[in-house]
Amino acid sequence: MSLESSESSKDQPLKPQLENFSYDDAIVKKFLIMTLVWGAVALLVGVVIAVQLADWRFNFGLPWITFGRLRPLHTNAAIFAFAGNAIFAGIYYSTQRLLKTRMASDLLSQIHFWGWQAIIVAAALTLPLGYTVGKEYAELELPIKLAITVVWVVFAVNYFKTLLQRRERHIYVAIWFYIATIITVALLHVINSINLPVSFWKSYPVYAGVQDALVQWWYGHNAVAFFLTTPFLGLMYYFLPKAAGLPVYSYRLSIVHFWSLVFIYIWAGPHHLLYSTLPEWAQTLGMIFSVMLWAPSWGGMVNGLLTLRGAWHRVRTEPILKFFVAGLTFYGMATFEGPLLSVKSVSAIAHYTDWIIAHVHGGTLGWNGFLIFAMIYWLVPKLWKTELYSVKLAHVHFWTAFLGTLIYTVSMWTAGITQGLMWRAVDPSGHLVYPDFIETVIKIIPLYFLRAIGGFLYLGSFFLMLYNIVKTIAKAPKTKAPDVVSAYRLTPVALSNLSQLGDRPHRILEGLPAVFSVLTLIAVIVGTVIELIPVFLGNQHVAASSSLKPYTGLELHGRDIYVREGCYVCHSQMIRPILSETMRYGEYSREQESIYDHPFQWGSKRIGPDLARLGGKYPDLWHYRHMLDPREVTPGSLMPAYPWLYRDKTDFRAIPKKLKVMKSLGVPYTEMDLAQAEADALSHAKKIADRLISQGVPATVQNQEIIALIAYLQRLGEDFKKGLIQ
Amino acid sequence: MNIIYILLPIALLLGLGFVSAFVYSSMTGQYDDLETPAYRALLDDEII
Amino acid sequence: MNFAKEQTSIQSKEKFPLSCPLCVHCGNPVPKFSSSEFCCLGCKRVYQWIQGHQLEKYYDLKNKTRAFRKLNRVGSATGAQENFHYLDEPQFLKLYSWETSEGRWMNFYLQGVHCAACIWLTEKVADLVDHVSLVRLNLGSSVATVQIDAQGSFSAVASALQSMGYPPHPVQPGESGELQKRENRVFLARIGVAGAMAGNIMLLAVSLYAGATGAMAEEFRWISGLLFLPVLLFSATPFYQSAWSAIRAREISIDIPVVFGLLVGSVGSWIHLLSGNDHVYFDSLSALIFLLLSTRYGLKKAQQIALDSSKVLHFRMPSRVKKWNANSQMDEQVSLDQVQVGDRVRVAPSECIPVDGVVLHGVSSLDCSFLSGESEAQKVGVGDLVFAGTLNLDSPLDLEVTQSGSKTRLGRILGSLETLVTQKAPIALFADRVSRYFVVAVMIASVIALARGAYTGWQSGLNSALALAIVTCPCTFALITPLAFTLTLGKLARAGILVRGAEVLEKLTQIQSVFLDKTGTLTAGAPQVKHWEVPEELWGSVLAIESHSVHPIAKALVLYLSSRVSSVLPDLQEIKETPSVGIQAKVRGSLIEIRQAEKSTEGTELSVFKDQICVGRIVLMDTVRPESKEAVELLQSLSLKLSILSGDHRVPVLQVAQSVGIHAENCFFEFSPEQKSEIIQKQNPVLMVGDGANDALALARAFVGIAVHSGVEMSLQVADVYLSIPGVRPVYSLIVIAQETLRVVRRNLVFSIFYNIIAGGFALRGEVTPLMAAILMPMSALTVFLSSITGTSRMKNAFQRIQSL
């Protein structure tokens with residue numbers, strides 16, 4: 001890393017000056033406090049949606065708090081708000097200490113903080129209102145996505161500038177993990193957020209069908225990897241040694257497992273799409289790669305746990321070490337369960353079931369949560385220069401949270417395996433043992449109650465911590481002056497040492513630090529990608545059989561309602577080539593069936609049955625009565641009711657714009673379709689409404705949103721029935 | 001499945017980016033001494 | 001966390017029973033006799049220095065963090081302060097420091113550096129001593145890099161470090177230091193590139209094996225081909241260089257088949273790629289390079305540990321001498337090289353004699369352990385001959401110079417050492433010699449494959465030749481030696497036995513006879529009390545008197561009494577030490593004298609007088625180490641001819657030989673360093689086990705030289721093996737381990753030959769698909785790896801025996 005020391009002339013030797021400076025702990029305090037605030041929000045929403053699954057009445061029929069819209073809020077809040085703020089607090093604190101330098105620009109730090117909180121507030125408002133893109137962990141609409149990109153770049157610039165002005169020559173392993181996080185999350189977010197806007201709060205992703213699925217889960221898995229694992233490993237490598245007062249077990253191992261993780265990690269993703277229409281070889285690649293990930297992950301866990309060698313008796317008495325040990329053990333468990341789940345035969349049972357939810361929460365509640373708690377208990381006394389209010393309370397928090405996590409994961413394991421086995425059960429005569437789906441749901445409702453209790457314990461223990469921290473801060477001394485520390489300015493000795501050895505190629509590299517080259521690298525990629533995509537995807541649709549018609553205007557509007565209400569959160573649209581599934585749902589899904597789906601709605605959970613071949617299975621009237629009160633049609637169902645679909649009117653004027661945007665995305669609408677878009681939609685709606693009214697439905701149904709939704713639901717799987725797809 | 005024509009180059013370019021970062025860090029001697037950093041990280045700055 | 005701190009302090013107390021107090025500075029148990037809370041004078045002086053400079057934070061840091069390594073006794077028990085003026089002399093700076101645009105640099109090996117607090121304390125020197133810009137400690141190698149500016153002086157830094165409790169030894173950087181660091185960095189970069197590319201190519205290959213077809217499969221092959229280029233051109237260059245130098249030197253090394261397999265594989269795969277054939281082997285080749293590079297790196301690192309410690313300067317001839325100037329009738333400080341034959345030189349007590357010469361005036365006793373290896377002081381008077389390198393103990397001596405500089409006896413020894421060390425020709429390793437036949441076999445087989453291609457179509461001929469090159473790739477052979485030796489060298493280093501290189505282990509299996517040095521190796525090295533007949537009430541005063549003298553006998557007495565006297569020491573008046581006669585002092589009115597009687601048969605005899613009446617008798621002998629007898633029996637069980645080689649007199653040598661079980665006719669006594677070197681030359685291949693500098697010449701001359709940790713570390717620079725565990729016991733286990741490592745290498749050889757025959761068979765019939773190669777190659781590497789890891793049961797308990805020492 002070169003430093004242009006302009007003022008010192010070359011002949012007079014550079015005497016390294018001792019410089020006094022102070023760390024920017026104010027930003028750390030801000031992020032820490034917001035971690036507590038958003039942690040409470042995320043966990044609260046988590047418990048609410050858990051209860052909603054256990055008992056549908058807790059949806060209260062209100063659109064803003066129905067499960068479909070709250071679940072994305074929970075995932076976004078937990079990952080980006082709770083874990084996000086915690087990571088930033090940890091990164092700002094540890095980076096400044098490890099590099100012995102204040103953050104390069106306080107302004108950029110502030111922009112990063114306030115920008116990030118604004119994004120969270122925007123998400124907390126738009127998601128309940130139904131403004132969502134419909135892609136898991138990337139639901140936020142385009143304006144917020146752009147804001148995230150801007151704030152992230154601000155953070156990256158500030159971070160790399162600090163890295164260049166550092167006063168400690170060696171880059172500690174935790175810093176490498178932060179660098180990897182910043183660069184890769186930037187890339188993932190950009191690639192997965194390329195949408196074309198229809199209106200300010202509505203946009204369609206440029207990818208469709210299987211392409212969108214692969215990009216989504218390439219982003220999805222790596223968001224988990226590079227937002228919930230690498231930064232937390234970085235935090236672990238700094239805060240665990242500090243809290244235990246012991247050096248990392250093997251610093252060499254941490255370097256090896258970092259670089260082996262980073263060189264090939266970006267290939268992960270396809271293990272979310274096993275047995276889908278993704279090509280066979282991609283699925284095998286995903287499987288083998290995920291099993292390979294087991295080694296570097298356990299490298300991290302072993303390195304962390306063995307750091308406590310010789311100090312295990314302190315785990316008995318110190319809550320911080322308890323949290324670290326439990327967190328690392330959950331990390332080991334989750335990263336062993338992950339590769340296991342990505343083996344095809346296990347995925348055949350576990351995919352779409354609650355086992356996946358158990359795996360997710362083993363990792364998030366266990367690994368991320370406990371590590372954040374440990375960091376908070378260690379950081380707060382240091383930042384506010386006081387002692388923790390009550391150590392006993394911290395112990396209580398640990399045991400309650402630990403119990404809550406165990407109850408959560410065990411109940412979900414049981415529910416997941418029960419679902420998986422019941423769906424597959426075929427009696428000797430070759431018939432499904434549980435033909436109608438609702439039997440498998442009713443069986444596990446008690447486990448949903450148990451999970452809600454687990455979540456409630458976790459939330460309760462969180463509030464114990466909140467109380468403990470507030471009391472600690474309250475009794476802290478009110479000193480204003482930050483501590484002043486001193487360190488030697490880093491003379492470019494390392495570099496002149498190299499030049500002294502006379503290696504010509506190195507002089508050139510000196511001027512262009514590698515890290516900035518990686519950043520420009522990404523800028524170049526993003527530039528090329530944005531031009532390339534339309535070109536690539538445009539011609540690809542033509543190859544599909546020309547007789548395959550895309551969604552009509554009304555169906556497309558119905559699809560947007562499907563996305564808005566978050567139906568993909570409970571329903572999947574992907575029938576896997578497995579006997580028990582083809583017997584229950586019909587022919588397995590083909591790639592062609594979803595090539596016009598911007599975004600793809602294959603879904604990743606089956607709390608409700610698969611809808612890929614729903615078209616024509618039930619009459620319109622069935623859907624009409626089902627959406628109003630699901631229990632009237634399928635007794636015992638835990639699906640919420642959607643009364644507002646029978647109140648709001650479809651906005652037919654917006655439909656032509658939607659078709660125009662789809663056309664620019666390569667969907668083959670003719671000029672005639674665009675011209676008569678609105679008229680066609682109105683007549684289509686009228687046809688459906690008249691048929692319903694003839695069957696005794698009140699006349700007010702005309703133009704209600706339910707009509708559009710029914711149009712879309714009846715279209716699912718129709719192309720295949722008409723033999724347009726082989 | 002030609003989305004791979006976008007995902008693959010990105011994955012490889014990012015990989016190459018990190019390889020170049022590794023080579024640069026190795027050449028500037030970040031990995032000469034892999035024992036002391038673990039201990040140096042424990043030393044807090046003393047406040048003047 | 002407040003409770004975190006008290007916890008750790010309680011924890012450190014648990015280890016030591018409360019009854020025995022801990023030294024406040026270094027935590028070792030305090031001997032009962034001293035009332036203070038320090039275990040030795042050294043610790044006391046360091047503690048006071050740290051308090052004096054307000055660095056108490058060192059102690060709470062020390063308690064908070066766990067140590068990197070166990071701290072064994074550091075510095076001299078008597079707290080003697082070595083002066084470091086020689087560090088600032090120009091010609092020393094030219095040799096030991098280097099200049100950059102920022103200032104002047106020097107590396108110091110620090111004894112006793114063991115935890116985070118040591119880092120904090122040593123790096124504090126930059127603030128304490130002015131004109132010091134930077135002190136940077138590497139805990140692993142215990143080497144601190146110091147940077148000073150124009151006005152700074154290294155001697156100030158060195159004395160600060162010594163007073164902190166870390167006696168510094170300058171390390172010669174030399175070109176090899178910087179070059180080696182740079183070479184390691186580039187090697188690591190090569191491994192990084194090879195690893196990353198191998199990982200990504202393997203993932204592309206998995207997609208191909210899992211059934212990707214059509215245009216995409218073609219692109220994957222092209223991408224893996226392109227990704228393979230940096231591995232081929234950048235990562236694999238060490239193989240090309242060593243193969244090319246082997247070819248130029250006309251001898252076959254293991255790298256030639258590696259390069260042969262690599263080139264044929266790469267060119268073949270590229271031809272297939274261009275001609276549309278889907279048999280490409282980029283994944284196997286890149287994985288091969290990555291595997292070979294990492295095992296080579298492991299072996300290089302394991303060997304470097306031994307080399308580093310040998311570059312440390314342990315012994316330093318004084319370069320300033322007090323010369324008698326005839327016309328100014330005065331002594332002036334002169335540098336050593338200005339002294340000619342015939343000059344008069346004065347040597348003060350406890351100073352090292354810088355030249356060979358004849359005593360003109362003064363009587364004193366000399367410690368010649370450096371040259372003869374014997375610890376008993378040698379009395380010298382007017383007219384006696386003295387040699388450079390001995391230590392003047394009692395009183396000042398005036399010498400007339402007969403030889404100086406490199407012509408002195410010590411200079412000649414050091415000179416011949418230099419040539420011997422560089423001449424030691426490395427022997428080709430066993431597995432490499434066997435691979436010579438393997439290379440020829442592979443060449444012939446591929447020629448046959450190509451020839452067969454003549455009538456079955458050149459395509460299938462090239463195909464099977466390519467497959468043969470890949471499958472019978474020498475990775476198994478190239479892996480054998482580095483893997484087996486890296487693991488053994490690593491385990492030995494961790495057990496405290498530094499072996500200079502892999503070939504040393506092979507040489508150990510070829511020795512027939514073993515020469516053992518007596519003093520310091522078989523015996524404890526310093527005289528110990530054998531017979532004690534002194535009245536109880538005098539013990540305190542004897543201890544008080546003796547602790548003032550630096551004489552080896554005095555040290556033995558202090559050691560013996562320190563664990564027996566618990567009362568507070570009486571204070572003394574009129575202490576007088578007459579050279580080579582004895583020492584006396586007035587204690588509570590009565591005159592206590594400890595006089596040396598003549599040399600009796602069974603060791604040195606002392607008599608204790610109280611007011612001129614003889615009240616006690618003490619006999620001191622250099623006793624045999626308890627475990628030497630068992631160690632010698634074990635060596636004899638390996639049917640090795642054992643003999644003792646010592647500079648000591650006939651009687652002690654025969655006594656030790658008899659008590660240890662070596663026949664009298666195998667004992668060679670009163671041997672000078674030169675004679676020792678000649679007898680070894682005659683009986684080579686010989687294993688020499690010695691400690692002192694006097695054995696250095698013998699150690700360098702021997703087929704394998706083992707330096708035992710007890711005396712001066714000078715012999716460290718020339719020995720092939722350095723034992724940091726005192727005594728002879730580890731030698732037997734070391735030989736067993738060497739033999740077992742060779743057996744593991746032979747077992748690996750059988751595995752790889754077996755593997756190559758099968759794989760070669762398939763390849764010749766042209767049925768080796770890339771998938772088969774991708775599976776066979778790692779499997780064979782894995783078998784070799786596992787067989788090296790498991791080692792043999794005999795090796796395992798040999799290691800256990802070393803651990804238990």
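In the predicted model, strand 11 (residues 364-367) and strand 14 (residues 391-392) of chain C pair in the antiparallel sense, and two bridges hold the pairing. Within this pairing C:Asp367 is placed opposite C:Leu391 of strand 14 of chain C. Both strands belong to an open sheet of chain C, in which four strands follow one another in the order 9-14-11-12 with antiparallel pairing. The edges of this sheet are formed by strand 9 (351-352) and strand 12 (378-380) of chain C, each of which pairs on one side only.

Parallel pairing is found elsewhere in chain C, where strand 17 (residues 513-517) is joined to strand 24 (residues 641-645) by five bridges. In that pair C:Phe515 stands opposite C:Ser643 of strand 24 of chain C. Strand 24 of chain C also runs parallel to strand 25 (residues 667-668) of chain C, to which two bridges join it, and C:Leu645 has C:Phe668 of strand 25 of chain C as its bridge partner.

The confidence assigned to chain C averages a pLDDT of 77, with 84% of the residues scoring at least 70. Over residues 1-18 of chain C, where pLDDT stays under 50, the model has 20 contacts beyond four places in sequence. Over residues 74-79 of chain C, where pLDDT likewise stays under 50, the model has 15 such contacts beyond four places in sequence. For the complex, the predictor gives an ipTM of 0.85 and a pTM of 0.85.

Two packed helices are described by the angle between their axes and the distance between the axes. The axis of helix 1 (residues 25-54) of chain A comes within 11 Å of the axis of helix 14 (residues 355-383) of chain A, and the two cross at roughly 135°. The crossing of helix 1 of chain A with helix 14 of chain A is left-handed. On the side of helix 1 of chain A the contact comprises A:Asp25, A:Val28, A:Lys29, A:Leu32 and A:Thr35, and on the side of helix 14 of chain A it comprises A:Ile372, A:Ile376, A:Leu379 and A:Leu383. By class, the residues of this contact divide into six nonpolar, one polar and two charged.

Helix 1 of chain A also packs against helix 16 (residues 438-474) of chain A, the axes coming within 8 Å and crossing at roughly 160°. Helix 1 of chain A is therefore roughly antiparallel to helix 16 of chain A, and the crossing of these two helices is left-handed. Among the residues that meet here are A:Gly39, A:Leu43, A:Gly46 and A:Val47 of helix 1 of chain A, together with A:Tyr448, A:Arg451, A:Gly455 and A:Phe462 of helix 16 of chain A. The contact of helix 1 of chain A with helix 16 of chain A has 19 nonpolar, three polar and one charged residues.

For helix 4 (residues 142-164) of chain A and helix 5 of chain A, the axes come within 11 Å and cross at roughly 160°, so that helix 4 of chain A is roughly antiparallel to helix 5 of chain A. The crossing between helix 4 of chain A and helix 5 of chain A is left-handed. The contact is made by residues including A:Trp152, A:Phe155 and A:Tyr159 of helix 4 of chain A and A:Ile182, A:His189 and A:Val190 of helix 5 of chain A, and by class it has nine nonpolar, two polar and no charged residues.

Between chains, 51 residues of chain A are in contact with 34 residues of chain B. The elements giving two or more residues to the chain A side include helix 5 (173-192), helix 6 (209-228), strand 4 (485-488) and helix 19 (514-542) of chain A. Helix 19 of chain A gives the most to this side, with eleven residues, and the side as a whole divides into 38 nonpolar, nine polar and four charged residues.

Chain B also touches chain C, with 19 residues of chain B in contact with 19 residues of chain C. On the chain B side, the elements giving two or more residues are helix 1 (4-27) and helix 2 (36-40) of chain B, and helix 1 of chain B gives the most, with eight residues. This side of chain B has ten nonpolar, four polar and five charged residues.

Notes
Residues numbered from 1 in each chain as written. Chains lettered and ligands numbered in written order. Predicted model: local features only at pLDDT ≥ 70, side-chain atom pairs only at ≥ 80, totals over all residues. Contact = placed C-beta atoms within 7 Å. Nonpolar A, V, L, I, M, F, W, Y, C, P; charged D, E, K, R; others polar. Pairing = 2+ DSSP bridges. Axes fitted to C-alpha atoms, helices over the stretch in contact; angles between N-to-C directions. Left-handed = near helix turned anticlockwise from the far one by under 90°. pLDDT = per-residue confidence, 0-100. Parallel < 35°, antiparallel > 145°, perpendicular 65-115°, else oblique.
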